[in-house]
Structure formats: C-alpha cells, structure tokens
There are 2 protein chains.
Amino acid sequence: MQNNQNIKIAVDAVVFGYQDNALYILLIQQKYGPYKDQWVLPGGLVQNGETLTTAVHRELQEEAGIKVNYLEQLYTFGDDINRDQRNQVISVSYFALVNPENFKLSAATDAQDVKWQNISNTPTLPFDHNLIIDTAFKRLKAKLHYQPIGFDLLPKKFPFSDLEHLYTTILEQEIDRRNFRKKILSFDFIKKSNEKQKTGSGRPAQLFTFDTNKYKALEKNGIHFEIKFA
Amino acid sequence: MQNNQNIKIAVDAVVFGYQDNALYILLIQQKYGPYKDQWVLPGGLVQNGETLTTAVHRELQEEAGIKVNYLEQLYTFGDDINRDQRNQVISVSYFALVNPENFKLSAATDAQDVKWQNISNTPTLPFDHNLIIDTAFKRLKAKLHYQPIGFDLLPKKFPFSDLEHLYTTILEQEIDRRNFRKKILSFDFIKKSNEKQKTGSGRPAQLFTFDTNKYKALEKNGIHFEIKFA
DNA sequence: GTATTTTTGCGTATATACTACACATATTAT
DNA sequence: ATAATATGTGTAGTATATACGCAAAAATAC
C-alpha cells in the first residue's frame, strides 16, 4: 500500500436547531491556527483508530458541548483541492438535528465561542462551509417532505401549529392548515396528549407527541411518509 | 494542523451495467498485495493533489478501461476501522452507470482481470465491498422511482419493452404495461424515433429515445419524475 | 363584564391521479 | 395457411389531493 499519501480527513457537521419560529445552525469560533477567531462549522480531523461517527460526536462534544438528536452522513467534500489552505483535506460532512431540550449551549472547551446562527443571514465562512451548509439545507428541505424529521426539531410535546410553522418557515411556503392536519393525523403516528398549551392569546391548543415506535412499525409495514403542499 | 494522522483515503465505485435483461456490476481482480487474485470493486487510493472525482475516473480507466455514463457519490465508509487489514482506510464510494455502448471491457492495465458480475449471485468479497454493493443497489432501486435513470442503462434507441423489463428485473416487481407506458409517455420527454426493431418474433417495436434536454427543461419548470407500481 | 381580537379545530365537494382490466395487430415460426 | 409471440391501445372505478369558511375557546381592550 502506497505510503506517501498526504491527505487529511476531517469531519464537519451542520447542526440545525429550531426555536421561536426560526431555523438556526451551530457555528463555533476557531481558537487556534490560521483561521483563529473565524466562525466555522464544528468539526476537525479524525483521530487514528477512530470511526467517522465517533469523530463527529467527539467534535460536537468538545467544541459545543452538545448532543444531537439525529445524525446522518451528508456528503464528502473533496473536489476542491484547496478548500483548506494548510493541506489537502477531505471533509466527510454530517447533517444533524437537535431538539429544543438540548438547544442551550454549554461552554465550549475546544472552541473559543459557540453560537446559534440564524440560517437566513449566514455570513460568508472560510473553507467551503457555505457550500456544505447549502447542501445540508437542501437535504433538510427535501427530508421534510418524505421523512417525519420535523419532530426531531420540536419538543416532545408540541401544539399542531408549531409543526405547521416549522414547515412554513423552513420551506418558505404557504400551507393549508386543514389539509396538513388531516394528512399528518391520517398517518396515525402522533398521539393527542391530554395537556393543553396555555401561553398567549387565542384558544389553547392540544399538545401532541410523535410516537417513534409506532412510526417504525408502520414504516416496516410499508407506509411511507410524504407531505406535499398545494 | 496535527501531523500524525495515519488514515488513508480511497475511492471505490459500484458500476452497474444492464444487458440481456440482467443487471451486472463491474469487478476487478487484484494484481498485487495481500488481496492479490481476489475480486473487488474497482478503486484505489487517492493521489496527492487529486480530486475525488478525478480519482474515480482514473481508477476506472486504469483498472477497467471504462467510461461511465453517470456518476454520483454514494457514501463514505469509515465506521469499520478494520475494513482494510493493511491500514485504516476510508472509502469514498461512488455509484455509476454505463450504457451498453460502453459495456465491452477493454483489457485492464492495473488489474489482473475485469468482469461483469451478475448482481443476483455476487460472491462474498473482501473489505466491506458487499456492504457497498448493497448500498449502491438500494440507491439504484430507489432512484428508478424518482429519477429517469433507467435510460442511462439503455442504448440511445430502445423499444418500450426494454424499459419495462429493466424496471421489472431490477425492482423484482410486476408491472402493468399499459399504465407504465401511459405514465412514461405523459412526462413527454421520450420521443418516438421512426425506426422499428426487427429482431425476434412478434410484432416489431417502435424505437424511442430519451430527450435529456427536454427532461432538464421540464425539471427546471418543476415537474418531478415519479414512477409507482400497482 | 362586554366586545374585540387571536388562535385553534373541523367537514365537504371537486378535481386529479392511480388502478384494474382485455383484445386487436404485426410479425416470425411451423 | 395456421399458430405462436410480442407490441399497442382505452375506459371505468377508486383513491388521493385540493379548495374553501366558520364556529369555539381563550386573552386582551375598553
């Protein structure tokens, strides 16, 4: 096996969080090196003997002190030789979601600072991180249509309107509330809790929960989630 | 940037070919090293200064002398530390299709031998190549439903029945010929050529062509391809 | 405490898309 | 000539998606 290969492998993560009807991504501020003080996606080099998945979890822990609710591989970026000025680096990037319970950021140990950045005014970032974010955002939008992934961005108990707003906010599309509710309820994987939401004006809303196990069972029997809009 | 990382990066490709109503994948026979003489997916280490895409094309050229018709990134395998006995290696794997015009294999220079392996009786392969093939095969099946990718496995001019057979063969499902034809024709991106196929018994078939440009135009206007079966 | 505003909760009619299904036609083989 | 083989086509029934408006429950304003 040839031994002179000098290409590094890094992992990077695009972590989405949803709060107060807005979508955020997690950014960290570099502590060292030529990119010091710049805001970038959490991530870093994979260690010897470490799996890719382990590396992502470790970096998220070290840099942002965060646990994600959902994680999947997004894409591997390696067609721009000079994406990192220090060395040829290939980035295996990941797509992650946090639920609001874990939205609070602990102090980061390996990063200078951490923040939630509203995605709609993301600044220009170093490396190809804007490209990675775009790719992840497209994936998120697509997945909302064919996988019940919105629930991973909401608290365990949520009013129906929150789910509606999540869809309209992220997809930037209007929605027919009646048809949407009918469709979601017809899948039969969300349950009415007997609590009601009290806050704010207007009629108090029923709270619902997403039944993961029931969804998996239904999925095994061949149903597939799909949401379209008018 | 830490300098002791000792992980190699390879690319591997699952190349599908379709001929005589059967689906094949491309395998090559290792020429050197501890895996000598074993059949594996085409691929190899990425060279310094080389992009991932370039690396795949190069390996396919060197090992199988083949040009693919369609190529996309599949998945990056790096969660099994010991997938290669020689060193920790991460495989960025690709999904590719060849059309029948390029189905003939030239003599390979970097491989001992090359062959088309019928996918339905793929033997056990070294590394995690069976896993990679499974992943690619799932991707192919999924894509047949939502992307007009079947045409990349057929010659430029083809009778409708070939397209039907491709679907039934790969998806292992029955199909209603009338509804299928109606659906495909309704998309309006395949054209009747004025040639007919002569071979064999039975009524001669019209030959059709897939109009890539028209498909792209339609796609831009928001139509999306989708094929379901009864 | 009454009126106004805000938000939730719900049903039906219409249009569109999917499914099921059978027989005539053009050619080769006998 | 007759049989065998593969292609080519239409319609009715069912299911799914879309369009659309008003009453109920609470908070807020007066």
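Reader: What should I know before we start?
Author: The model is predicted, so local features need pLDDT of at least 70 and side-chain atom pairs count only at pLDDT 80 or more, while totals for chains, interfaces and linings use all residues. Residues are numbered from 1 along each chain as its sequence is written, chains are lettered from A and ligands numbered from 1 in the order in which they are written, and side-chain values use heavy atoms, with hydrogens and water left out.

Reader: OK. How many residues of chain A are in contact with chain B?
Author: 33 residues of chain A touch 33 residues of chain B. Contact means heavy atoms within 4.5 Å.

Reader: And how much area do they bury between them?
Author: About 3000 Å², with 51% of it on carbon and sulfur atoms. Buried area is the accessible area (1.4 Å probe) that two parts lose on being put together, summed over both.

Reader: Which elements of chain A give two or more residues to that side?
Author: Strand 1 (8-19), helix 1 (52-64), strand 5 (70-77) and strand 6 (89-97) of chain A. Strand 5 of chain A gives the most, with four residues. Helices (H or I, at least four residues) and strands (E, at least two) are DSSP runs, numbered from the N terminus.

Reader: Show me one. What does Arg83(A) form a salt bridge with?
Author: Asp128(A). Their closest N and O atoms are 2.7 Å apart.

Reader: New topic: sheets. What is the strand order in the open sheet of chain A?
Author: The order is 8-10-9, three strands with antiparallel pairing. Two strands pair if DSSP finds at least two bridges between them. Four bridges join strand 9 of chain A to strand 10 (residues 206-210) of chain A.

Reader: Which residue stands opposite Lys196(A)?
Author: Gln206(A), in strand 10 of chain A.

Reader: What about chain B?
Author: Chain B has an open sheet of three strands in the order 8-10-9, also antiparallel. Strand 8 (157-159) and strand 9 (190-196) of chain B are at the edges, each with a single partner strand, so one side of each has no neighbour in the sheet.

Reader: How many bridges pair strand 8 with strand 10 of chain B?
Author: Three, in the antiparallel sense. Lys157(B) has Thr209(B) in strand 10 of chain B as its bridge partner.

Reader: Which helix packs on that sheet?
Author: Helix 3 (residues 160-171) of chain B, which touches strand 8, strand 9 and strand 10 of chain B.

Conventions: Salt bridge = Lys/Arg side-chain N within 4 Å of Asp/Glu carboxyl O. Axes fitted to C-alpha atoms, helices over the stretch in contact; angles between N-to-C directions.
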